[in-house]
Amino acid sequence: MNYLSVEELTKSFGIRVLFDKISFGIDKGQKVAFIAKNGTGKSTFLRILSGLETYDSGNVVFRKDIKVGYLHQTPQFDKLVTISEAIFKADTPEINAIKEYELALLHPDDNEKMQKAFNKMDELKAWDYETRIKQILGQLKIHNLEQQIKELSGGQLKRIALAQVLIENPDFIILDEPTNHLDLDMIEWLENYLSKENITLLMVTHDRYFLERVCNEIIELDNKTLYRYKGNYSYFLEKKQERIEIFEANVDKAQNLYRKELEWMRRMPKARGTKAKSREDAFYQTEKTAHQRLDKSKVDIQVNVSRLGSKILELHHLKKSFGNLKILDDFNYVFKKNERIGIVGKNGVGKTTFLDIIMEKQPVDAGKVSVGETVVFGYYTQSGINLKDDKKVIEVIKDIAEYIPLTKGKTLSAAQLLEKFLFTRDMHYNFVEKLSGGEKRRLYLLTILMKNPNFLILDEPTNDLDIVTLNVLEDFLEDFQGCLIVVTHDRYFMDKLVDHLFVFEGNGKIIDYIGRYSDYRLELKEREALEKEAEKQKNVTQTVVEQPKQEQPKTKLSFKEKFELEQLEKELPQLEEQKEKLIAQLADSSTNHEELVKLTQKLGFVTKQLDEKTDRWLILSEIEG
C-alpha cells in the first residue's frame, strides 16, 4: 500500500539547484533513510514533504486517510506554555478524552461530567493510551509536565518534540536527526521502538548504527540525482561503491569513443547524409557522457599538531557537587600521550561539567587540575557555536589567521583552507546565516582545528554533520598525534576512535572501562541478564523451601472442615448480593466522585473475598463428594 508519492520534484534557491525532477515512493512498513552532504537540502526536503516549505515544480502526494508526524531538526514551541500543553496539543480522540478526564478530576462535584469522562475513556480504551504515554515520557526522561517551555534547553526541546510525535502515533513518521540530544540508553530504546513492523518512516540521521538497525531502504541525493538502495547501511555502502565503479567505467569508455568520433567529426564535410546525421547525434550524446565528472570532493584536514611534553593533564582528588547532586567524588587521573577516552553516561550526570572543569571554566569544590606547559587545548562544545550571522564565511577564518601553518613547514591561506573543508569559492563571501546547520558546525570545527591543538576535547561533535564529513573527521582523529576526549551519542564514532571509557554512573561514581563502547554495552547486558537469572533462581528456591510437603489426597472432611464448608455456603450468597449492590451503586450517575472511589475500592475487596471463598468451597465440596 503506497503512503507517499513524489514525482518530478524540483527545488532551487536562486541559481542554486538543490534537487531536479526527483521521483520516488514509500509504501506502508518501509523504513527509509535519506542521505546527502550538508548543504544539499536534506532538511529542506523533509520540510517540503511536511508541507512547511514550497517547491518549484512536481508533486508530493500522501495517501488521503493517513496521519503524518514530523520531527523538526530544531523544534519551536510557544515559550509561555507548559510541557504538558506542548505535548498534548494534538487533536486526537484519545488525547481529548484524557484531557476531559483530567478536567473532570478538577471538578469532582460534577457527577454527570465525571461519568461522561469515565465512559469516554472506556469507549476509546484511553486507559492503555495513557499508560503508553507515560512509558514514552519516562524513556525520554520527561517528568515535570508543568515546567514551562522557556526554562528548557535545546536538547530538552528536541526530546519533547520527539515525545509529541510518538504520542500522536502517526501512520507515517518523518524524522530529522532524531538521535540528537538523546543519551545512549534513549537511542537504543528508540531504535527498538522504530524497528516495529507497523511503523512507516522517512528520516535523516548521521547515526550509522541507527541506519544499520532501523532502515530497510536508503535514498541518496548525490549531485542533484536520487539513487535508491533496497537494504540497510552496509548494503548501501557496498552498492554505492559498485555504482561509482560502473560510472567511472562508462565515462572511461565514453572518453575513448569520444576521441575517436571527434576525429571523424572534424574530417566530415558539413553536408552529411542520414547515416552521418545519426552518427553525429550519437557523438553529442557520447560527448555529454565523456564530460561527466564524479563529485569526489571531501573534507581534507591537515593541521600541524604541537608536540606534547612529558606532563600533560593531571586531575588530583577532584570533588564537585551541585547541592545534593554529586558529579565528582575524589576523582584522580593522570593523562598519558595519545590517550583516547570516551565519556558515557545518562543526561544530567555531569559529563559536560567534567569537561568544563578540565578547561577550568568551572571551579571544583576540592582538588586540583594541573595542565602541562606544552598542552594546547581545542575545545568543541555545543554552546560554543556562536558564529555571528552577519559575518562572511571567509571573515570568520581571517579573524583567527590569514595563513595557517601545516605539516612540513607548509602554509595555507584562509581561502585554501575553506576549500579543503568543502566551502567552495562561491560560498566564501556568503553570510554565516545562509549556511545550513551542518555547514555551521563544519565551519566551527574548522576554527577549532586551525589553532593546531594537541589535546582535543569534543562535546557531541557529530550532531548535524553529514556522513561524508564524519568519515573524514574520523580518519583525521585516527591519525591525530595528541590526546582526545570525546562525548558523543554516536556509537559508531565512539567505537572507532576510543580505547577506553569513563563511565559516569551517577552520584560521583566514575568507572574506567578498558575497551570499546559496544563491548561495554554487551558486557552490561550480559551482567543484567545474569542478575535477573540469579534473582529468578533465588525466587524459585524460596518457593520450593516455603512450599509445604505434598500430602496424600484426602477422602474425608474433618469436623472443623465440615463446619467451614457450612459457613461458606451461608457466606457466598451474601457476598454475591453485596457485589451486585456495589455494581448498581457504581452505575448510578448521581454518585459523587469521592463515593465512586470508595465504592470501587470496596468492590475490589468483596470480589477478592468472593473468589477466595469460592475456591475454598470447591476444594471442600470435592472432598465431601
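How many bridges join strand 17 to strand 18, and do they run parallel or antiparallel? Strand 17 and strand 18 (residues 483–487) run parallel and are joined by 5 bridges.

## About the model

This is a predicted model, where local features need pLDDT of at least 70, side-chain atom pairs count only at pLDDT 80 or more, and totals for chains, interfaces and linings use all residues. Residues are numbered from 1 along each chain as its sequence is written, and side-chain values use heavy atoms, with hydrogens and water left out.

## Around strand 17

Let's start with strand 17, residues 455–459. Strands here are DSSP runs of E with at least two residues, helices are runs of H or I with at least four, and both are numbered from the N terminus. Two strands pair if DSSP finds at least two bridges between them. Strand 14 (residues 377–380) pairs with strand 17 in the parallel sense over 4 bridges, with Gly378 opposite Leu456. Over on strand 18, Val487 stands opposite Asp459.

Strand 17, helix 15 (residues 467–479) and strand 18 form a right-handed β-α-β unit; right-handed means that, with the strands pointing away from the viewer, the path from the first strand over the helix to the second runs clockwise. As for cover, 5 of the 5 residues of strand 17 are buried (under 20% relative accessible area, 1.4 Å probe, protein chains only). Phe455, Ile457 and Asp459 lie on one face, Leu456 and Leu458 on the other.

## Two nonpolar cores

A nonpolar core here is a set of buried Ala, Val, Leu, Ile, Met, Phe, Trp, Tyr and Cys residues joined through side-chain atoms within 4.5 Å. The largest one has 55 residues, and Ile87, Leu140, Ile149, Ile167 and Leu194 touch the most other members. Helix 6 (residues 154–168) gives the most to this core, with 8 residues. A second, separate core has 46 residues, among them Tyr380, Ile397, Phe421 and Leu435.

Back to Ile149: leaving aside neighbours within four places in sequence, its contacts (heavy atoms within 4.5 Å) include Phe77, Val81, Ile83, Leu157 and Ile160.

Strand 1 (residues 2–13) is joined to strand 4 by 5 bridges, and Leu4 stands opposite Phe62.

Conventions:
Buried means under 20% relative accessible area, exposed over 50%, partly exposed in between (1.4 Å probe, protein chains only).
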